[in-house]
Amino acid sequence: MTTSVIEQKKLGDLVCLSDSGTWGDEATPETGSPVLRSTNIDSYTMNLDAPAWRVIPDNDVERRKLRTGDLIVTKSSGSPDHIGKCAVFIHPEDGHDYYFSNFMLRLRADDSILDHRWLFYWLTSDRGRFELQRLNSTTTGLRNVNVGQYLGQTIPLPPLSEQKRIADILDKADAILRKRQEAGNALDDLLNSQFWKLFHAEMAIPANETTHVLIDTVDFLDYRGKSPPKSDSGIPLVTAKHVKRGWFEFDPPEFVPKDRYDGWMQRGLPRPGDVLFTTEGHTMGSAALLPRFEKVALAQRLIALQCKDTICPDFLLHFVLSDRFQNEVRKRATGSAAQGIRAKELQNIPIPLPAMEKQILFGKIASAIQIQKERSAQSISDADGLFNSLVQCAFKGEL
């Protein structure tokens, strides 16, 4: 494989428009126009489901209007993960003119020299994100992209025909990845539908008529206080960030020294299949089944729910993730800036208790779907690896 030398050009010289958005007064879909914000960008894809509806100032009606192929980029945020988040706008032809907020930066490629897809793939690549890290500064809690420096960054620029050829390849690889992700999401939807199909009668019983509460069905291992010091190796330490909504991800892995394990775990030893529940902050209410570890330590902000003989882990997990349970958690939580909940507030939450044979059946269904989810996850990982490899090759001139 030969590597071609790709010319480097400043981003500002390759766009015919780079400007901030608009805002205006609050409106309704009947009286205003949709304005897109950072929250409308999900996994580098534009989600048009929940725009802000605003009355656009007269002098912005034409000049701030989005058109297909425009990139919008988050330039200010309280989170470093959101800075530089971008997506390509594709007009949905729904009768509305779309706009973008004043915390966003619009980039319109000069289509005589730059394919907007090539620009998008560069900005979202590892190399593009690395460039971004040095271009934001912090003021009063917000992180802000220095637009002048942002437009001054150089990007690789092969001939336009080559950009289009490579963008077509990346589009196809991206489509494969997204289809596999959709298949994984469909398995989650299937499991959720099976839960409601089996337990709709029990879940329909009002909370005030339910005869059991959580403490009747589970034992609580409540890990509070300062977590033990971390180390590069030792006993795996599960923290709140490893517990997602319905699944567990031990990445990045964390550890505690072996000589600190016994002292920390005097509160009780968790078991594989315990339902881990996060108790504080923006992750409060997340829950997942604990996988099998030879030994494992649980950090602060976690409660392990250990099933008694009357309840199965899979049913418990899906009940804990249900709107019914989550609403009860929010009602009992305390704190303003960072809400939290303790075990004693969870113990008296009402819980239905279906027949054990139905719970066991659901557990078998969940196990079968979990096998498919693991296969799907590997398929997604393979597709993601292929896509990232193609992107790296593209910007090295090897594609």
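Guide: Helix α10 contributes the most to the lining of the second largest pocket, with seven residues. The model is predicted, so to speak of a local feature takes pLDDT of at least 70 and to count a side-chain atom pair takes 80 or more, while totals for chains, interfaces and linings use all residues. Residues are numbered from 1 along each chain as its sequence is written, and side-chain values use heavy atoms, without hydrogens or water.

The volume of this pocket is about 1,000 Å³, taken as the space filled by probe spheres on grid points joined across faces, edges and corners. Its lining has 28 residues, and those nearest the centre are Asp42, Ser43, Tyr44, Arg178 and Gln181. A pocket here is an open set of points on a 1 Å grid over the protein atoms alone, where a 1.4 Å probe fits and protein lies on both sides within 12 Å along at least five of seven lines; a lining residue has an atom within 4 Å of a point.

Besides α10, the elements that supply at least two lining residues each are β6 (45-46), α1 (116-123), α2 (126-133) and α4. These are DSSP runs numbered from the N terminus: helices are H or I of at least four residues, strands E of at least two. By class, the lining has eight nonpolar, ten polar and ten charged residues; Ala, Val, Leu, Ile, Met, Phe, Trp, Tyr, Cys and Pro count as nonpolar, Asp, Glu, Lys and Arg as charged, and the others, Gly among them, as polar.

Helices α4 (160-203) and α10 (356-396) also each supply at least two residues to the lining of the largest pocket, as do β20 (287-289) and α7 (313-321). That pocket has a volume of about 1,200 Å³. It is lined by 35 residues, with Asp188, Gly246, Trp247, Gln370 and Lys373 closest to its centre. There the largest share, ten residues, comes from α4. The class counts for this lining are 15 nonpolar, twelve polar and eight charged.

Helix α4 also packs against α7: their axes come within 11 Å and cross at roughly 85°. The axes are lines fitted to C-alpha atoms over the stretch in contact, with angles from 0 to 180 degrees between N-to-C directions. The two helices are therefore roughly perpendicular, the term for 65 to 115 degrees. From α4, Leu191, Phe195, Phe199 and Met203 make the contact, and from α7, Phe315, His318 and Phe319; contact means heavy atoms within 4.5 Å. By class, six of these residues are nonpolar, one is polar and none is charged.

Note on methods
Angles under 35 degrees count as roughly parallel, over 145 as roughly antiparallel, 65 to 115 as roughly perpendicular and the rest as oblique.
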